[in-house]
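Visitor: I am new to this one and would like a short tour. Could you show it to me and start with the strands?

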Amino acid sequence: VGKDPGGDSNGRVPEGESWERLRWQVRDRSEGAPASQVLGEIAAGGSAFRWGLAAALGRPLDPLEVSLSRIAVTGRFPGSSTKREKAKKRPKASDPNEPVDLATAAEQFLDAVTGPVASIHESAEAILWGASMPALIDGLEPRVWWDLLGALLELRNSTLQIAEASAPPRLMLGGELGLILAWRLADLPTCRRLAGPSVAAIDAWFAEESDAIGSAVRGAVDARLVLASVLRCRRLIENTTKRRFKKRQLEIATDLATWVAGMTLPGGRVAFSELAPGDLRDDVGPRGLLRQAVELDPETLRSATSAALGESHSGGRLAWQVSLPEPMLTCETGELAIMMPEWDVRRGRVHIDHRDDELQIELFGGKPRLLSGAWTVELKRDDEMQAPCGPWTQTCEYADDDVQYVELEQTWTGDLVLQRQVMQLRDDRAVLLADAVIAVSDDRDPSPIGYTARLPLDPSVVTSPDPETREIFLTDGKKSRGMVLPLAASEWRVGPTDATLEAEQDALVHRTHGSRRLYAPVWFDLQSRRFKRPRTWRQLTVADELKIVPRHEAVGFRVQLGSEQWMVYRSLGGPRCRTVLGKHLLVDFLCTRFDMGDGTHEDLITVDVPGADE
């Protein structure tokens, strides 16, 4: 190392008596200000440094990560334990807390630190090493220890210079790591001077507000890791400096905690993750991340977290009895949407992640997950395969007591636009997943369009198609959890149809075709009491000035399940006043609840035609 962070004015590393004096000073300071004094009860067992790590990595923690988290709070290098600790039974080789060769691991970490800007996962690893530095000074060679400190400081500095202002590494490295080094290694002037700039870095990250939250929740699985850093930063600021979190910073932290609660499933599982609850116990336990985050706003977060974990249920009353956040969370920056009829996970939910070309979706029928994975589409125009040529753009969102709705758009080759709708009827426990394909270049071009979509089934789901009609039941191996209706297809399996829905091993495959424009809606009924009732669906006649409208201009559908009935209308052409099921419309999209007794419509959602008011 050319210049060592804690060396003298000439950059020389302390040796001999100087090194021993520094080791004594670091150990003395560590024992005088233990982690429990600064972090409080969350320091016990080192779990605070493991919060969110397994969820972000998508795997159980390895022995190195567990070992670093433990010595970060004990302040002792393995092997320098007390006699009482040495007398304890040695862990088995398969134990995740087995002894680790930290010297070799430190060398490997140094070799791995190559880029100027660390990822979120690398930032979390750097925090583990930084918090362990007082203990590592007893077990690492002086040159390795100094190299490690130099690498951490360089990583922090380069992140502050290059990373975007809202990026989580600016909070984790520029803020938290700097505060940790300033607290733990205050005997080194270079580290002691980090306190002020680190608080400033934290303030700057919070100043990004919605962009900071968007970067934290992007991809869903890293959000816990960022929230963990926020909670630790709060304690570090309040217990090692003369500052306190500002009111606005607490509000932003509460918003992030709300997102984390919204992406939490029974047992502490995480949206878009396959990890079992046992791998996430550091997040869920009494000193876990979720319990500690509740303290940011106990009035709302305690009930929301409890309902999301499945520890309490609403019975239709929870939203009225307690204060809860809004049950629909959307973030354009994070390209994520969480749609919950209620916070109670027993009511089901929909998760949407549209940061990649292939949108990821999770759909729950109560607690069981029915859909999980990429909702993919194949489009052909004039028998030529097309491909997406742009990102998903959120064009519309809406939520009220009746409905939650998100609309996205993506451009494709062949002058096609794919418009995707996700609508959840909250009380009715029904979900509409629909795609509209629009040819934008030449409205008169009759080139045929072929559409094939794959709705990804969760591995636990078993499909049971109706033998006579096109409904497909989704079961969890014990009972039916969902019924799927392909609205654009003929109800009966015999006879001609323009659309089909078939169950394959890992997906529901929906196929249809058209010219100029087409609409492919799939209706999911998640209310089990309706599964055995008489049911039907029909494509409706749409009229315009006493003429029947072709399907490439507008379509309407009726869904009837027992005595309950709904109507869906979608305009595919320009703004025109059309008639369907006795209702005159000048809208882009409409869903109503239809009363068969008096023939009236209860509008659930109306999306206006773009440009209709111009």
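Guide: Let us begin with a pair of strands: strand S22 (residues 564–571) and S25 run antiparallel and are joined by 5 bridges. Strands pair if DSSP finds at least two bridges between them. Helices (H or I, at least four residues) and strands (E, at least two) are DSSP runs, numbered from the N terminus.

Visitor: Before we go on, what kind of model is this?

Guide: This is a predicted model, in which local features need pLDDT of at least 70, side-chain atom pairs count only at pLDDT 80 or more, and totals for chains, interfaces and linings use all residues. Residues are numbered from 1 along each chain as its sequence is written, and side-chain values use heavy atoms, with hydrogens and water left out.

Visitor: Back to S25, then. Which residue there is the bridge partner of Val568?

Guide: The partner of Val568 is Cys591.

Visitor: Is S25 mostly covered or mostly open?

Guide: Strand S25 (residues 589–595) is mostly covered, with 5 of its 7 residues buried. Buried means under 20% relative accessible area, exposed over 50%, and partly exposed in between (1.4 Å probe, protein chains only).

Visitor: How many bridges does S25 share with S26?

Guide: There are 7 bridges between S25 and strand S26 (residues 600–607), and the pairing is antiparallel. Leu590 stands opposite Thr606 in S26. The two strands form a hairpin with 4 residues between them, and Gly599 in the turn has a positive phi of about 70°.

Visitor: What is the order of the strands in that sheet?

Guide: The sheet is open and has 5 strands in the order S18-S21-S22-S25-S26, with antiparallel pairing. Its edge strands, strand S18 (535–540) and S26, each pair on one side only. From one strand to the next, the twist averages 15°; angles run from 0 to 180 degrees between N-to-C directions, and axes are lines fitted to C-alpha atoms, for helices over the stretch in contact.

Visitor: And what does S18 pair with?

Guide: S18 is joined by 6 bridges to strand S21 (residues 554–561), and the two run antiparallel. Leu540 stands opposite Gly556 in S21.

Visitor: Which of its residues are buried?

Guide: In H11, Ser198, Val199, Ala201, Ile202, Asp203, Trp205 and Phe206 are buried. These buried residues pack against several helices, including helix H8 (142–162) and helix H13 (223–240). Contact here means heavy atoms within 4.5 Å.

Visitor: How much of H13 is buried?

Guide: H13 is mostly covered, as 13 of its 18 residues are buried.

Visitor: You mentioned H8. How do H6 and H8 cross?

Guide: The axes of helix H6 (residues 102–112) and H8 come within 10 Å and cross at roughly 35°. In H6, Ala106, Glu107, Phe109 and Leu110 meet Val144, Asp147, Leu148, Ala151 and Leu152 in H8. By class, this contact has 7 nonpolar, no polar and 2 charged residues. Ala, Val, Leu, Ile, Met, Phe, Trp, Tyr, Cys and Pro count as nonpolar, Asp, Glu, Lys and Arg as charged, and the others, Gly among them, as polar.
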